[in-house]
Amino acid sequence: MRYLVKRNLLVFFRDKAGVFFSLLSVLIVIGLYLLFLGDVMKSNFDGVEGAGTLIDSWLMAGIIAIAPITTGISALSNMVEDRKLKIDKDFFASPIKRSSLAGSYILSCFVISLLLTMLTLIFAQFYIVINGGDFLTWSALAKVLAIIILYDFFSVFMLYYFVSFFKSSNAFSAAATIIGTLIGFLTGIYIPIGNLPEAVQWLVKIFPPSHAAMMLREIMMGPAEQLVFESAPAAAMEEFRLLMGSVFEIGGITVQWWHSILYLLIIGIVFFLLTLWKMSKKKG
């Protein structure tokens with residue numbers, strides 16, 4: 001399986017345009033933020049020390065949260081292309097097991113998604129620092145990395161199960177475009193969660209990637225948040241957190257970090273089992 005993983009990685013990274021477009025959703029969000037979203041949001045905190053860093057951290061946490069999905073689904077385009085060109089038939093005619101082939105797609109997707117998400121994290125850190133913020137502390141960075149790894153575990157099985165139903169590259173490309181567009185809304189990047197209609201807020205709060213975004217925001221916004229709300233009532237900071245999606249409240253209960261981790265683990269395990277079930281079928 002090692003050679004299949006290597007082959008998938010080489011196929012993906014040799015296609016420079018494919019790598020670029022896997023990060024296109026991230027680049028679009030950054031472009032929108034630089035053009036007008038950033039100025040609009042920062043205008044609400046005009047003259048407040050640390051406000052710029054706070055909003056930058058909010059955005060960058062959201063960008064990191066969408067990267068595993070957009071890069072992961074692009075990484076799995078190899079699988080769809082292999083089906084389209086009947087290359088998978090050649091693999092099945094060899095001694096390679098069906099599970100090994102599926103495992104190679106899953107593992108290469110995990111590696112690609114993790115590498116590109118780490119690249120996004122590095123960019124986010126330098127962007128915040130260049131604009132007057134600070135690097136994450138080692139303890140905060142360790143938490144962010146742990147969330148990214150867990151998030152990748154969840155997303156790779158969810159995406160593999162989803163992509164496994166596509167046999168047409170055109171249909172897959174259309175679906176990937178739709179997902180890349182919706183992911184920004186469903187993680188509360190384009191519009192803060194608190195400004196969305198209540199029904200949409202519920203949809204956001206049950207959308208698993210939003211929980212990863214919430215945890216990342218809580219960590220990355222923490223230092224700037226303390227500075228901005230240093231002399232404000234505790235209720236003001238809590239209201240801001242609910243508005244910006246660094247804290248979720250469901251049914252009057254504040255969602256804790258371990259709730260979100262457990263939720264992502266459960267969803268990841270469910271899709272892992274669904275993947276095993278699909279691989280066990282004769283026609284996957």
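Axes here are lines fitted to C-alpha atoms, for helices over the stretch in contact, and the angle between two of them runs from 0 to 180 degrees between N-to-C directions. The structure described is a predicted model. In this model, helix H8, which spans residues 138-163, packs with helix H11, residues 208-228, at an angle of about 175 degrees, and their axes are 10 Å apart. Since angles over 145 degrees count as roughly antiparallel, H8 and H11 are therefore roughly antiparallel to each other. On the H8 side, the contact is made by Ala140, Lys143, Val144, Ile147, Tyr151 and Phe154. Helix H11 contributes Pro208, Pro209, Ala212, Met215, Leu216, Ile219 and Met220. Classified by residue type, this contact of H8 with H11 comprises 12 nonpolar residues, no polar residues and one charged residue.

The largest pocket holds about 660 Å³ of space. A total of 26 residues line this pocket, and those closest to its centre are Gly18, Phe21, Ser22, Ser74 and Ala176. Two or more lining residues are given by each of helix H1 (2-14), helix H2 (16-22), helix H3 (24-42), helix H4 (51-75), helix H5 (77-84) and helix H9 (169-186). Of these elements, H9 gives the most to the lining, with seven residues. By class, the lining of the largest pocket consists of 12 nonpolar, 12 polar and two charged residues.

Charged side chains were also examined. Side chains of opposite charge can pair when their charged atoms come close. The count of salt bridges comes to three.

Key
Residues numbered from 1 in each chain as written. Predicted model: local features only at pLDDT ≥ 70, side-chain atom pairs only at ≥ 80, totals over all residues. Heavy atoms only, no water. Helix = DSSP H or I, 4+ residues; strand = E, 2+ residues; numbered from the N terminus. Parallel < 35°, antiparallel > 145°, perpendicular 65-115°, else oblique. Contact = heavy atoms within 4.5 Å. Nonpolar A, V, L, I, M, F, W, Y, C, P; charged D, E, K, R; others polar. 1 Å grid on protein atoms, 1.4 Å probe; cavity = no way out; pocket = protein on both sides within 12 Å on 5 of 7 lines; lining within 4 Å. Points joined across faces, edges and corners; volume = space filled by probe spheres on them. Salt bridge = Lys/Arg side-chain N within 4 Å of Asp/Glu carboxyl O.
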